[in-house]
Amino acid sequence: MNNRLRGVVVAHAELAHALVSAVETISGVRGALRAVSNEGLGPDELAEIIGEAAGGTGAILFVDLAGGSCGLAGLQHVRESRGCAWVTGVNLPMLLDFVFHREMPVEQLVPRLLRQGRAGQRAHPPPPGGTD
């Protein structure tokens, strides 16, 4: 039995497709992530496509903006589904970590992904008072 979580990247325009392509190229892992764009879709259509991509249970939705159409449609799906999680501010470090650790329970994996996403952020010169 395959207990690996599904990952769905939901973003504006072509961002989701670009992120999934980059992760597949870097990691060599194919099929762990599905890309969903909101382009040309109304809220109901977007929610339906997200539901199809995520399946019934066991998915993490990676969203670009929490308050945008992608974030709201993704949050709606998570609230109506079991075993799903919603992570906003998607970036390559968190997606790369996901493809190699998607067998972990969702409640352990999500905090890990958030740490990896934040750890991938840097600034030079560093802002006054540190990076927080």
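Two strands count as paired if DSSP finds at least two bridges between them. I began my notebook with this rule, and I applied it to a predicted model, in which local features need pLDDT of at least 70, side-chain atom pairs count only at pLDDT 80 or more, and totals for chains, interfaces and linings use all residues. Residues are numbered from 1 along each chain as its sequence is written, and side-chain values use heavy atoms, with hydrogens and water left out.

**Entry 1: elements**

I looked up the secondary structure and found five helices and four strands. Here helices (H or I, at least four residues) and strands (E, at least two) are DSSP runs, numbered from the N terminus. I read the order from the N terminus as β-α-β-α-β-α-β-α-α.

**Entry 2: strand β1 and its partners**

I asked which strands β1 is joined to. Five bridges link β1 to β2, and the two strands run parallel. Within this pair, V8 has R34 of β2 as its bridge partner. Between β1 and β2 the chain passes through α1, and this β-α-β crossover is right-handed. The term means that, with the strands pointing away from the viewer, the path from the first strand over the helix to the second runs clockwise.

Strand β1 is also joined to β3 by five bridges, again in parallel. I noted that V9 stands opposite F62 in β3.

I then looked up how well β1 (residues 6-11) is covered: five of its six residues are buried. Buried means under 20% relative accessible area, exposed over 50%, and partly exposed in between (1.4 Å probe, protein chains only).

**Entry 3: strands β3 and β4**

I followed the pairing on to β3 (residues 59-63) and β4 (residues 84-88), which run parallel and are joined by five bridges. I60 has A85 of β4 as its bridge partner. The chain goes from β3 to β4 by way of helix α3 (residues 69-80), in a right-handed β-α-β crossover.

**Entry 4: cysteines**

How many disulfides does the structure hold? I searched the whole structure and found zero; a disulfide is a pair of cysteine sulfur atoms within 2.5 Å. For C70, the nearest cysteine sulfur is that of C84, 17 Å away. Are C70 and C84 buried or exposed? C70 is buried, with a relative accessible area of 0%. C84 is buried too, with a relative accessible area of 13%.

**Entry 5: glycine 31**

I located G31 in the loop between α1 (15-27) and β2 (33-37). G31 is exposed, as its relative accessible area is 65%.

**Entry 6: the whole protein**

The accessible surface comes to about 7400 Å², and 53% of it belongs to carbon and sulfur atoms. Such areas come from the Shrake-Rupley method with a 1.4 Å probe, and for residues only the protein chains shown count as cover.

Lastly, I looked up contacts (heavy atoms within 4.5 Å). Of those with a separation of 6 or more, 67% are between residues 24 or more positions apart.
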